[in-house]
Amino acid sequence: MAKVTIDGIEVEVQDGINVIEAAKTADVHVPHFCYHPSLSIVGQCRMCLVEVEGMPKLQAGCATPVKDGMKIHVWNEKVDKARKGQMEFLLINHPLDCPICDKAGECPLQDYSFNYGSVTSRYGEFKRTYPGMDRTAIGPHVIQNMNRCIHCTRCIRFTAEITGTSELAFFRRGASTEVGVFPGTPLDNWMSACVTDICPTGALTPREFRFESRVWNLDSTDSVCNGCDVGCNLFIGHRSGQVFRYRPRVNPEVNDHWLCDYGRFSYEQYETDRVVVPKVRTEDDYLAISTWEEALQSIESGFRDAKNISVIASAQMTNEEAWMARTLFADRLEAKIGVMVDPIGPIKMKSRTEWLVGDQAGPNFRGVQSVIGTTSIEELLTNGADGVDVLYICDARFSDRASDPAVVANLRKAKFLVVHSWDANHPLTEVADVLIPGSTLPEKEGTFTNLQQTVQRIHQAYAPKGQGVTDLEALRRIGARLFPGDEEFHSADAMDIFETLREPMALAGIKGLAGGSEPEVMA
């Protein structure tokens with residue numbers, strides 16, 4: 001360890017780390033453009049210059065390792081003058097696109113211009129432009145505006161060092177230097193949109209979010225991606241019950257600063273017709289809109305005297321929903337309950353120390369299975385639900401196979417079929433006897449268990465649509481209807497249920513359970 005003094009604050013840091021990271025320990029921000037903690041150091045932008053006592057010239061904070069006894073000045077007149085000069089240099093060719101740029105509101109160049117720049121510019125010449133390179137699609141998800149680029153090389157280093165695909169490079173020289181893709185090689189790797197996250201300007205923006213919303217009009221909620229079993233941490237950007245984007249949330253142990261394109265744009269699946277009210281099949285075989293009371297009454301009638309009950313859980317369920325389903329169906333009704341998950345990918349994700357490989361098309365197969373057991377549901381899918389009095393499907397999209405007409409017909413063989421679904425266009429919604437409006441990822445609260453056996457919490461971004469409730473609340477309502485005196489169905493608070501799960505999950509070797517009332521989530 002090394003003791004260093006940063007702007008008069010003495011801190012103890014790991015010996016050899018650079019000044020930018022050491023300054024964070026003292027709660028001092030060193031402005032920077034080209035530096036990124038998960039990429040190599042190039043010292044290219046010269047924005048992170050600091051004064052180190054005993055050195056005659058200003059030093060690049062990103063490329064200067066600290067050592068014991070070092071005294072560093074991040075803020076003084078000499079450093080401020082250098083920063084102002086560098087900002088003036090960077091802005092002489094930068095277009096005044098802030099009013100129309102999607103990066104506005106979260107743009108480091110914009111922020112640093114206000115904080116460290118000058119209110120005037122001495123530059124009176126024509127700005128350098130790149131004709132034909134503004135609003136250019138360089139890949140399926142990334143739009144380039146070269147006029148806004150400050151040549152920090154973050155995007156180039158990302159494709160070279162993280163994905164290893166090297167689609168981007170510098171072309172030409174001097175004032176004509178430009179970033180581009182090689183001929184016939186679009187930016188089309190599985191994490192291509194990450195370059196839009198690390199770009200410090202609006203030079204690279206995601207096509208799907210382009211001109212959709214100003215970032216300051218969006219609310220942000222911490223969650224976990226449900227695309228596969230890696231469990232990447234993310235922010236949900238939403239407004240008025242609509243998701244506008246997913247962004248990676250830093251977790252060095254899982255996804256570091258990254259998010260794959262499959263997971264990043266998976267919110268688009270929710271842009272479809274939703275089940276917003278319960279429905280009950282009438283005597284003339286019509287699936288009619290109903291109240292919750294009518295739906296619960298029909299479910300109560302269906303379960304009455306039922307001897308053979310089967311339940312299909314889903315890898316999209318939270319641990320808490322799985323616990324509620326097990327408590328209701330397996331413990332109280334002695335039903336058979338099982339879960340399956342489709343294979344996917346494999347999808348690779350880079351943590352700070354290793355590559356993780358997701359191969360399951362669900363975020364919580366391991367967690368659900370640890371709660372409900374390992375009963376197989378294959379028999380129901382292949383041979384049908386003949387002889388089953390009640391079949392309860394906790395999620396219509398529990399598998400892609402559930403859209404197969406043959407599988408739908410097999411499941412419909414049950415005497416009484418209850419289906420949870422948020423997707424109004426799913427085939428199972430048409431054949432159900434009772435249809436319960438389900439909830440999507442942004443509408444859920446609870447925990448997932450990823451492939452590392454680590455529990456991570458998801459937060460509810462907004463309430464379910466229409467008369468819908470969370471899946472946890474729907475199961476609680478059914479339990480309270482069937483067993484009105486049972487205390488297990490008095491609350492649908494996810495964290496209360498998690499406390500019940502904490503000890504058995506810890507015994508099963510699942511991590512992230514220590515301390516406090518919440519699962520441990522690194523951020």
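**A tour from sheet to rings**

Start at valine 419, which stands opposite leucine 435 in β22. The model is predicted: local features need pLDDT of at least 70, side-chain atom pairs count only at pLDDT 80 or more, and totals for chains, interfaces and linings use all residues. Residues are numbered from 1 along each chain as its sequence is written, and side-chain values use heavy atoms, without hydrogens and water.

Select β21 (residues 416–421) and β22 (residues 434–437). Four bridges join these parallel strands. Strands here are DSSP E runs of at least two residues, helices H or I runs of at least four, numbered from the N terminus; two strands pair if DSSP finds at least two bridges between them.

Widen to the open, mixed sheet of seven strands: β15-β14-β22-β21-β20-β16-β17.

Next, the aromatic pairs. Ring centres of Phe, Tyr and Trp (its six-membered ring) must lie within 6.5 Å; planes under 30 degrees apart are stacked, over 60 edge-to-face, the rest tilted. The count comes to eleven. Pick phenylalanine 171 and phenylalanine 182: their centres are 5.3 Å apart and their planes at 75°, so the pair is edge-to-face. Phenylalanine 171 sits in strand β8 (residues 168–171), phenylalanine 182 in the loop between β9 (178–181) and α5 (194–198).

Move to phenylalanine 483 and phenylalanine 489. This pair is stacked, 6.3 Å centre to centre with 25° between the planes.

Finish at tryptophan 292. Arginine 477 lies over its face, 4.8 Å from the ring centre (the rule: NZ of Lys or CZ of Arg within 6 Å of the ring centre and within 35 degrees of the ring normal).
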